[in-house]
Amino acid sequence: MDIKNICCIGAGYVGGPTMSVIAAKCSHIRVDVVDVNKERIEKWNSKDLDNLPIFEPGLSDLVKKCRGKNLHFSTQVEKKINDADMVFISVNTPTKKNGIGAGKASDLKWVEACARQVATYSKKHTIVVEKSTLPVRTAEVIKSILNETAKNDLKKGKTFDVLSNPEFLAEGSAINDLINPDRVLIGGENEIAINSLSEIYLNWVPESKIIRTNLWSSELAKLSANAFLAQRISSINSISAICEATGADIREVSKAIGSDKRIGSRFLNSGPGFGGSCFKKDILNLVYLSEYFGLPEVANFWEGVVRLNDWQQNRISQLVVKKLFGNISGKKITILGFAFKANTNDTRESPAIKICNDLLEEGAFLSIHDPKVSPEQISSDLGLNQNLPITPKYPIEGNWRFTHKVEEALIDADAALILTEWPEYSKINWNNASRKMRKPAWLFDSRSIIDPKDINKQEINFWRVGDGIN
Ligand code: NAD
Ligand code: UGA
């Protein structure tokens, strides 16, 4: 089937970048990205390319090149489904908050809504592609909704194929990940539909990287890949605590472990625990599925990865309190970085949220800096509006303020805590910067971006994750 019109439902962190790359690589295809969120669509159409709803290196260049030509953003969900040969479902699938499976299972209400919309508004044979990360066997639910809803029109040629094509991009490197993927995974039942989707990728991805599987293997491979990656982080974070207790150094241990080819060196950086919208939700989904299929040992194994991650986040805030003489009430702490990783403005499940809330609860005043996250986003994440101190010397207990300049954030601070590995934080001269801070001053580096050789311990106390000489 020759695909000329693609509609992607969901203009988020996956839909926006993925469709921008497809549009850039396939000038013969018209790509429409639709979303119910009017404000988000307005930002995608913004003349000011610095104002796109998502910050992702390389994204604005692609949008500039294709927008208004073969890439379009709108809220016209029904019309664009109607025109499409292929519909990507790229909507959010968060953890369920209420009802059966609450706290673990994925909430599929947005995916179901898409399936109903496609069933209602498509007008011919349509290939429906699961781009969202979904529990195993969701394709069955989608197929059933499509075929039942469109029952009366199936004979008129309004038919469907469902494919699973999970996305493996990581935020901060999304464009590069999409242009040079390790693999493209396509799960499906109908060879013709699978070929139609792989033809699109073949415009820039070598055939050897396209993996074809059945639907259920594809859905499960996505959940498992995230679980494996997150498991490495919890593993290395568990070892970081042993390093601190014994005098070993986590960077040396990581290097020694990672140089074994069977293990590999990536994803072995110890830090404040993993964040991001997916790792926790996808592992909990795997836990739910394991429990559902009567596999409690499997469920416990994966739940341990999340438990260790929560523990690591707690460990960091407790450690800050301990080093500041067990009391941070009324003390000013500078938070460097709020995004869940560098090169993104995304704060979903960022370790900074939990760590900042713990410190606020202990009565600290936080001066928060991040180069890409807005103060409004931080207010919403912390559930607390910022409050301006009367003077920097008399900060307000249990409150926070956004600070645009790092130097300003450090004035009279008792401690600075690096939570995101933004490159600009590694360039700070801490011996000079510490002169603005209240003594005894502390620098906590949860991301290992500071070289201890650059720190004069007469000027500032220094702690870094997994460092046994702390
Ligand atoms: P997101 O929340 O940024 O975007 C989802 C968008 O879908 C929202 O803008 C929402 O308004 C829209 N939407 C929801 N229901 C709709 C409907 N019925 N009609 C039109 N629009 C609708 O989410 P995201 O981060 O892009 O993630 C999407 C999916 O991709 C999730 O399943 C996630 O697990 C998966 N995923 C995410 C990443 C990532 O890095 N964020 C990577 C790989 C996979
Ligand atoms: C992750 C996966 O890497 C992607 O393949 C996947 O598509 C995506 O989830 C998804 O399904 O949403 P992402 O969450 O964007 O991508 O970013 P990662 O680079 O994986 O980082 C996740 C978290 O782990 C961050 O908080 C990061 O700081 C942390 N991390 C990562 C570490 O603490 N140590 C590491 O060595 C690597």
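Which strands does helix 14 lie across? Helix 14, residues 375-382, lies across strand 10 (365-369) and strand 11, and it runs at about 160° to strand 11. Welcome to a short tour of this structure, which is a predicted model.

- Six strands make up an open sheet with parallel pairing, and their order is 11-10-9-12-13-14.
- Strand 11 (399-402) and strand 14 (461-464) are the edge strands, each of them pairing on one side only.
- From one strand to the next, the twist averages 20°.

**Helix 12 against helix 13**

- Two packed helices are described by the angle between their axes and the distance between the axes.
- For helix 12 (residues 296-323) and helix 13 (residues 351-361), the angle is about 35° and the axes are 9 Å apart.
- The crossing in which helix 12 passes helix 13 is right-handed.
- On the helix 12 side, the contact is made by Q313, N314, I316, S317, V320 and V321.
- Their counterparts in helix 13 are P351, K354, I355, D358 and L359.
- By class, the contact of helix 12 with helix 13 has six nonpolar, three polar and two charged residues.

**Two backbone details**

- F325 sits in the loop between helix 12 and strand 9 (332-336).
- The phi of F325 is near 65°, which is a positive value in a residue other than glycine.
- K439 and P440 are joined by a cis peptide bond, with omega at about -5°.

- The volume of the second largest pocket is about 350 Å³.
- This pocket is lined by 17 residues, and those closest to its centre are A105, L108, P135, Y288 and L289.
- Which helices each supply at least two residues of this lining? They are helix 6 (138-149) and helix 11 (279-292).
- Helix 11 gives the largest share of the lining, four residues.
- Sorted by class, the lining holds 10 nonpolar, three polar and four charged residues.

**The cavity**

- Rolling a probe the size of a water molecule over the atoms shows where empty space is left.
- How many cavities of 30 Å³ or more are there? The count comes to one.
- The largest cavity has a volume of about 30 Å³.
- Lining the largest cavity are E130, S132, T133, L134, S164, P166, E219 and K222.
- Among these lining residues, two are nonpolar, three are polar and three are charged.

Methods: Residues numbered from 1 in each chain as written. Chains lettered and ligands numbered in written order. Predicted model: local features only at pLDDT ≥ 70, side-chain atom pairs only at ≥ 80, totals over all residues. Heavy atoms only, no water. 1 Å grid on protein atoms, 1.4 Å probe; cavity = no way out; pocket = protein on both sides within 12 Å on 5 of 7 lines; lining within 4 Å. Points joined across faces, edges and corners; volume = space filled by probe spheres on them. Nonpolar A, V, L, I, M, F, W, Y, C, P; charged D, E, K, R; others polar. Pairing = 2+ DSSP bridges. Axes fitted to C-alpha atoms, helices over the stretch in contact; angles between N-to-C directions. Contact = heavy atoms within 4.5 Å. Left-handed = near helix turned anticlockwise from the far one by under 90°.
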